[in-house]
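Here is a short briefing on one structure. Look at it first, then read the points below.

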Amino acid sequence: MGHITVLISSYLPVIIALLCLIAAWFFGDWSNWKTYYPTILFAICVDFLISLLSYNFSLWEFHKSAVTPNHTIADFMIAFTNLPCIVMVYLHKYPLKSRPLRQVVYMAIWSAVFTCIEGLFLLIKMLTYHNNWNFWWSIAVWVFMFIGLRLHFTRPLWAWLLCLVGVVFLILYFHIPIAKMK
């Protein structure tokens, strides 16, 4: 049983990516993919912005797996595989015309699912936290991500403002040494 667990954990990034692709295939709105494209780019840009800011001052780090030799490759895989799929399904199924409580529950479910996936990566030690980052901060990031995706879909400038505020907060709170960047 231990060998199977090690094998699964080695390929977990690919398993998650495949699950995202399958979900997008079955639940995404492919006939209207251009509608979601700006928000997909927003998600990728925010991911890369955070990666760039924390490149020499990691808040979290993905560790080597059978398919991702380092953090950067793992992050690229997430950005170009998982995030587009997540955005496509999340926005397509979003209960836009429902009551606010239902929308909040929808965002909470998505946040909880991806918090659990991150928890799994922590549990198998494929992810570690650094420089005062912890699981609670990750929960907050997932919540803000799903709020930000929804906001960007209908009010992109407000989403960029939220992103800017979030980035400034991260820099100040975690003392990210941007002055030492190239």
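Helix 2 passes helix 5 in a right-handed crossing (the near helix is turned clockwise from the far one by less than a right angle). The model is predicted: local features need pLDDT of at least 70, side-chain atom pairs count only at pLDDT 80 or more, and totals for chains, interfaces and linings use all residues. Residues are numbered from 1 along each chain as its sequence is written, and side-chain values use heavy atoms, without hydrogens and water.

**Helix packing**
- Helix 2 (residues 12-27) and helix 5 (residues 100-123) pack at about 165 degrees, with axes 12 Å apart.
- That makes helix 2 roughly antiparallel to helix 5 (angles over 145 degrees).
- Leu12, Pro13 and Ile16 in helix 2 meet Ile117, Leu120 and Phe121 in helix 5 (contact means heavy atoms within 4.5 Å).

**Aromatic pairs**
- There are 25 aromatic pairs (ring centres of Phe, Tyr and Trp, the last by its six-membered ring, lie within 6.5 Å; planes under 30 degrees apart are stacked, over 60 edge-to-face, the rest tilted).
- Tryptophan 60 and tryptophan 133 form a tilted pair, 5.0 Å centre to centre, with 55 degrees between the planes.
- Tryptophan 133 is buried, at 6% relative accessibility (buried means under 20% relative accessible area, with a 1.4 Å probe and protein chains only).
- Ring pairs link Tyr90, Tyr94, Tyr106, Trp110, Phe114, Trp142 and Phe146 into a cluster.

**Aspartate 75**
- Aspartate 75 sits in helix 4 (residues 71-93) (helices are DSSP runs of H or I, at least four residues, numbered from the N terminus).
- Aspartate 75 is buried, with a relative accessible area of 6%.

Terms used: Helix = DSSP H or I, 4+ residues; strand = E, 2+ residues; numbered from the N terminus. Buried < 20%, exposed > 50% of the residue type's maximum accessible area, 1.4 Å probe, protein only. Axes fitted to C-alpha atoms, helices over the stretch in contact; angles between N-to-C directions. Parallel < 35°, antiparallel > 145°, perpendicular 65-115°, else oblique.
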